[in-house]
Amino acid sequence: MTDSFSPVIEFRSVTKSYGTTPVIRGIDLSVAQGEVVVVCGPSGSGKSTLIRLVNRLESLTSGDILIDGHSTASYRGAALQRLRTGIGFVFQQFNLYGHLTAAENIALAPRKVLGLSAEEALSRARELLKRVGLSDKEASYPSQLSGGQQQRVAIARALAMQPKILLFDEPTSALDPEMIGEVLTVIRQLAETGITMLVVTHEMGFAREIADRVIFIDGGVILEDAPPEQFFLATRHPRAQRFLRQLL
Ligand code: ADP
Ligand code: MG
């Protein structure tokens with residue numbers, strides 16, 4: 001059993017400004033072990049910044065983010081590297097290395113960071129490619145793959161470090177409509193494995209299906225934090241209501 005009393009991720013009064021512009025304006029948020037939290041909100045509301053703060057692709061302006069109960073605000077250098085090792089991040093634009101094959105993209109960090117042998121890393125890569133349905137694409141370069149396939153390789157790459165936490169930033173927004181389903185299927189399977197996930201997405205049908213909680217942010221603050229059935233059927237905040245109407 002997991003310990004429901006100690007959150008895996010805990011935002012405490014987090015703020016973030018770019019220069020003098022506040023973008024995250026005081027966020028408190030706890031995410032429990034195995035929870036899948038969908039983050040939605042209008043463009044520019046701070047969704048990407050919020051999840052990038054978790055693995056410190058952006059620095060905090062004030063407040064703290066606790067991971068497994070440990071304060072990370074003061075992390076620098078090696079501590080920051082360790083933090084990132086335990087957190088997978090999947091970008092909208094895949095961000096694969098173009099000069100590496102699918103298998104090499106996945107094997108790279110396990111070799112460099114975990115010190116696995118080339119053989120061990122390749123075997124891990126193959127296992128993960130199988131899991132995302134791409135066993136036959138091991139030797140393909142990103143340019144030889146469709147967007148949906150590239151994103152599945154990117155998910156496999158994130159999983160290669162066996163992270164406790166997975167962050168997704170609009171993982172299907174750059175995809176042609178016919179490829180969205182294959183990527184959502186992979187994410188849906190992951191959601192069932194008990195890994196803790198923060199998912200920024202505009203796919204509200206998908207959100208409703210996988211989310212344990214939905215968070216609506218606007219102007220850098222959380223306006224709603226509710227179970228999906230409540231969020232989609234009885235949204236209280238007028239701005240969240242307007243947001244949902246626009247997506248229909
Ligand atoms: P969302 O993902 O919800 O669209 P973002 O977190 O990307 O929102 O951005 C929130 C706000 O912060 C926007 O106004 C955006 O223009 C601004 N912003 C994002 N990244 C930077 C940056 N690196 N420098 C300056 N402003 C930024
Ligand atoms: Mg964004």
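## A tour by question and answer

Modeller: Let's start at a turn: in the hairpin of E4 and E5, two residues sit between the strands, and Asp68 has a positive phi near 50°. Keep in mind that this is a predicted model.

Biologist: Which residue is the bridge partner of Ile67 in E5?

Modeller: Strand E4 covers residues 62-67 and is joined to E5 by two bridges, running antiparallel. Leu66 stands opposite Ser71 in E5. For Ile67, the bridge partner in E5 is His70.

Biologist: And what is the order of the four strands in the open sheet?

Modeller: E4 also pairs with strand E1 (residues 9-18), in the antiparallel sense and over five bridges; in that pairing Arg12 has Asp64 as its partner in E4. The edges are strand E2 (21-31) and strand E5 (70-71), since each pairs on one side only. With antiparallel pairing, the order is E2-E1-E4-E5.

Biologist: Which residue of E7 is the bridge partner of Val90?

Modeller: Val90 belongs to strand E6 (residues 87-90), where both faces are covered: Ile87 and Phe89 are buried on one side, Gly88 and Val90 on the other. Strand E7 (residues 165-169) runs parallel to E6, with four bridges joining the two. The partner of Val90 in E7 is Phe168.

Biologist: Now the helices. Which helices do the buried residues of H3 pack against?

Modeller: Helix H3 spans residues 102-112, and its buried residues are Ala102, Ala103, Glu104, Asn105, Ile106, Ala107 and Pro110. As a rule, an α-helix has 3.6 residues a turn, so residues three or four places apart point the same way. The buried residues of H3 pack against helix H4 (118-131) and helix H5 (147-159).

Biologist: How many residues are in the largest nonpolar core?

Modeller: Let's get there through Leu129. Leaving aside neighbours within four places in sequence, Leu129 has contacts that include Ala102, Ala103, Ile106 and Ala156. Leu129, Ile106 and Ala156 are among the residues with the most contacts inside the largest nonpolar core, as are Val39, Leu167 and Leu198. The size of that core is 67 residues.

Biologist: What about the ligand: which helix gives the most to the shell around ligand 1?

Modeller: Around ligand 1 you'll find Tyr18, Val23, Gly41, Ser43, Gly44, Ser45, Gly46, Lys47, Ser48 and Thr49. By type, that shell divides into two nonpolar, seven polar and one charged. Three of the shell residues come from the helix that gives the most, which is H1 (residues 47-54).

Biologist: Zooming out, what radius of gyration does the chain have?

Modeller: The C-alpha atoms fill a box of roughly 50 × 40 × 40 Å along the principal axes, and the chain has nine helices and 10 strands. A compact globule of 248 residues would have a radius of gyration near 18 Å, so the chain agrees with that at 18 Å.

Biologist: Last one: what share of the residues count as buried?

Modeller: First, a word on contacts with a separation of 6 or more: residues 24 or more positions apart account for 66% of them. As for burial, a residue needs 20 or more other C-beta atoms within 10 Å of its own to count. Of the 248 residues, the buried share is 40%.

Note on methods
Residues numbered from 1 in each chain as written. Chains lettered and ligands numbered in written order. Predicted model: local features only at pLDDT ≥ 70, side-chain atom pairs only at ≥ 80, totals over all residues. Buried ≥ 20, exposed ≤ 12 C-beta atoms within 10 Å, placed from the backbone. Pairing = 2+ DSSP bridges. Contact = placed C-beta atoms within 7 Å. Rg over C-alpha atoms; globule rule 2.2 N^0.38 Å. Near = placed C-beta within 6 Å. Nonpolar A, V, L, I, M, F, W, Y, C, P; charged D, E, K, R; others polar. Core = buried A, V, L, I, M, F, W, Y, C linked by C-beta atoms within 7 Å.
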